Amino acid sequence: MLIRTFALRRRVRAVERRFREARALARSFQWPHRPIVAQIIPTRRCNLSCSYCNEFDRSSDPVPLEDLRQRIDKLAELGTAIITLSGGEPLLHPHVDEIVHHIRRRGAIATLITNGYLLTSATIEKLNAAGLDSMQISIDNVVPDDVSKKSLKLLDARLRRLAEQAAFDVTVNAVVGGASANPDDALTIGRRARELGFQSTIGIIHDERGQLLPLSDRARQVLRETIRLDRSTFSFDRYNRFQESLAAGEPCDWDCRAGSRYLYVCEDGLVHYCSQQRGRPGVPLPAYTPDDLAREYSTAKSCAPYCTIGCVHRVAMIDELRERPVETLQSWFGTPGSFNGLPRPVRLLVRLLVTGPERRFVRGAARRLLRIS
Ligand SMILES: C[S@@+](CC[C@H](N)C(=O)[O-])C[C@H]1O[C@@H](n2cnc3c(N)ncnc32)[C@H](O)[C@@H]1O
Ligand code: SF4
Ligand code: SF4
């Protein structure tokens with residue numbers, strides 16, 4: 001009975017969330033200089049010490065709740081669609097649920113990235129009540145080793161608890177490359193995630209500048225296999241051309257929109273391009289303006305060709321689609337130059353929204369439906 005109640009609650013919340021996500025996506029299309037994703041750091045401290053990570057310490061105090069509320073207010077003023085708590089380990093913050101609640105109160109989508117160690121039933125319930133939209137849980141290997149203790153063996157019970165109890169979406173992220181010992185673990189982790197009804201993604205380990213580290217032949221193969229896992233037609237991860245290029249060891253040709261569409265706000269409240277380019281631009285968030293967002297949108301980043309920071313890649317895909325919809329879809333679906341090669345529902349959407357004579361009417365109706373001015 002209790003499990004059926006949880007399942008019903010999850011379904012109702014998922015429908016409401018898809019509406020808010022569609023609205024956030026439509027607004028991101030409409031306003032090119034508003035942040036799509038901002039990551040904030042509620043604490044730099046972590047309870048683990050993965051050997052590939054340079055984003056944690058063992059001693060920092062949590063950022064005061066009031067400072068975090070002010071940062072969220074400022075991000076909301078800039079029009080940020082999604083605010084993500086990262087770290088360090090965000091679940092170490094004693095007021096993590098109040099931070100999530102404040103993000104939701106300010107109208108943004110609230111997401112959180114965690115190593116999962118602190119996920120008790122009580123914590124999941126607190127996050128449900130606060131309105132968390134989505135959680136990414138990072139699992140690196142099947143059994144713990146010197147590189148990482150984020151292991152399926154230790155975290156599977158937490159995953160089962162999430163499957164039963166969480167009212168939010170759950171994505172399991174595995175990593176390949178660098179010092180990670182067994183690339184095949186990523187496939188096992190992805191399979192287990194989907195078995196439990198979660199999404200699965202894969203990250204490529206980067207160096208301390210966000211750059212690709214050499215991949216073994218098996219790691220490349222695993223990456224290709226996971227890219228092809230059966231994901232829905234409308235999932236951005238299905239078309240991750242960045243990972244296709246990086247798996248082949250080739251540079252990516254893309255425009256990094258960090259500092260504009262993606263912001264990384266560190267524990268001191270400074271805006272950086274990303275976790276691996278801290279200090280650029282390094283401006284205090286209260287002083288960040290729409291002019292900064294517009295400038296950084298078109299600033300070329302020399303670190304882009306071999307960057308493996310997946311969340312910034314995903315954000316860039318939205319602007320590719322916005323700026324060159326037909327060409328971008330053709331490249332995602334592997335049908336360059338051929339409109340008729342696109343799947344039928346995609347062709348219909350393109351006709352309705354982009355190329356057809358009724359596009360103004362359809363866009364207006366969509367805006368009214370999504371309550372966008
Ligand atoms: C810095 S952690 C913070 C949140 C939380 N402690 C966790 O591990 O999920 C955020 C994400 O960055 C990933 N990460 C950290 N260092 C990385 C690296 N060198 N290369 C690729 N991903 C990395 C982690 O695996 C995790 O998914
Ligand atoms: S758990 Fe997360 S923050 Fe902590 S060391 Fe590992 S990757 Fe870094
Ligand atoms: S390309 Fe962008 S996301 Fe990647 S390391 Fe450089 S600034 Fe960061």
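Strand 3 and strand 4 run parallel, and four bridges join them. One of the residues involved is Leu112, whose bridge partner in strand 4 is Met135. Keep in mind that this is a predicted model.

What holds such strands together? Strands of a sheet pair through backbone hydrogen bonds, and the pairing can be parallel or antiparallel.

Now move on to the next pair. Strand 4 covers residues 134–138, and it also pairs with strand 5, again in the parallel sense, over five bridges. Look for Ile137 there. Its bridge partner in strand 5 is Val172. Is strand 4 mostly covered or mostly open? Mostly covered: four of its five residues are buried.

Now the whole sheet. How many strands form it, and in what order? There are nine, the order is 6-5-4-3-2-1-7-8-9, and the sheet is open. The pairing is mixed. Which strands stand at the edges? Strand 6 (199–204) and strand 9 (281–284) do. Each has a single partner strand, so one side of each has no neighbour in the sheet. Neighbouring strands are also turned against each other, by 25 degrees on average if direction is ignored.

Helices pack on this sheet. Take helix 2 first, residues 65–77. Helix 2 touches strand 1 (37–40), strand 2 (82–85) and strand 7 (262–265). The direction of helix 2 makes about 170 degrees with that of strand 1. Then take helix 6, residues 184–195. Helix 6 touches strand 5 and strand 6, and its direction makes about 170 degrees with that of strand 5.

Next, the ligands. Ligand 1 has 16 residues around it. Which come nearest? Cys53, Glu55, Asn115, Ser138 and Ile205. Two elements give two or more residues to this shell: strand 3 (109–114) and strand 5 (169–176). By class, the shell has six nonpolar, eight polar and two charged residues.

Ligand 2 comes next. Its surroundings are Cys46, Leu48, Ser49, Cys50, Cys53, Glu55, Phe56, Gly87, Gly88, Glu89 and Asn115. Five of them are nonpolar, four polar and two charged.

Ligand 3 is surrounded by 13 residues. The closest are Gly210, Cys256, Cys274, Cys303 and Cys307. Here the shell divides into nine nonpolar residues, three polar and one charged.

Gly87 and Gly88 are joined by a cis peptide bond, with omega near 20 degrees. Where is Gly88? In the loop between strand 2 and helix 3 (96–105). There is a cis bond between Arg280 and Pro281 too, with omega about -10 degrees.

Now a loop residue. Pro144 sits in the loop between strand 4 and helix 5 (152–165). Leaving out neighbours within four places in sequence, Pro144 is in contact with Lys149, Ser151, Lys153 and Leu154. Compare Gly282. The C-alpha atoms of Pro144 and Gly282 are separated by 36 Å, and the two residues are 138 apart along the chain.

One more residue, Arg371. Its phi is near 55 degrees, a positive value in a residue other than glycine. Arg371 lies in the segment after helix 13 (359–369). Arg371 counts as exposed, because 9 other C-beta atoms lie within 10 Å.

Last, the domains. The chain divides into domain 1 (2–323) and domain 2 (325–373). Their centres, taken over C-alpha atoms, are 28 Å apart. How many residues make the contact? Domain 1 gives 10 and domain 2 gives nine. On the domain 1 side, helix 1 (2–30) and helix 10 (310–323) each supply at least two. Helix 1 has the largest share, with five residues. By class, the domain 1 side holds four nonpolar, two polar and four charged residues.

That's the tour. Questions, please.

How values were computed
Residues numbered from 1 in each chain as written. Chains lettered and ligands numbered in written order. Predicted model: local features only at pLDDT ≥ 70, side-chain atom pairs only at ≥ 80, totals over all residues. Near = placed C-beta within 6 Å. Nonpolar A, V, L, I, M, F, W, Y, C, P; charged D, E, K, R; others polar. Domains from an automatic or database assignment. Contact = placed C-beta atoms within 7 Å. Pairing = 2+ DSSP bridges. Axes fitted to C-alpha atoms, helices over the stretch in contact; angles between N-to-C directions. Buried ≥ 20, exposed ≤ 12 C-beta atoms within 10 Å, placed from the backbone.
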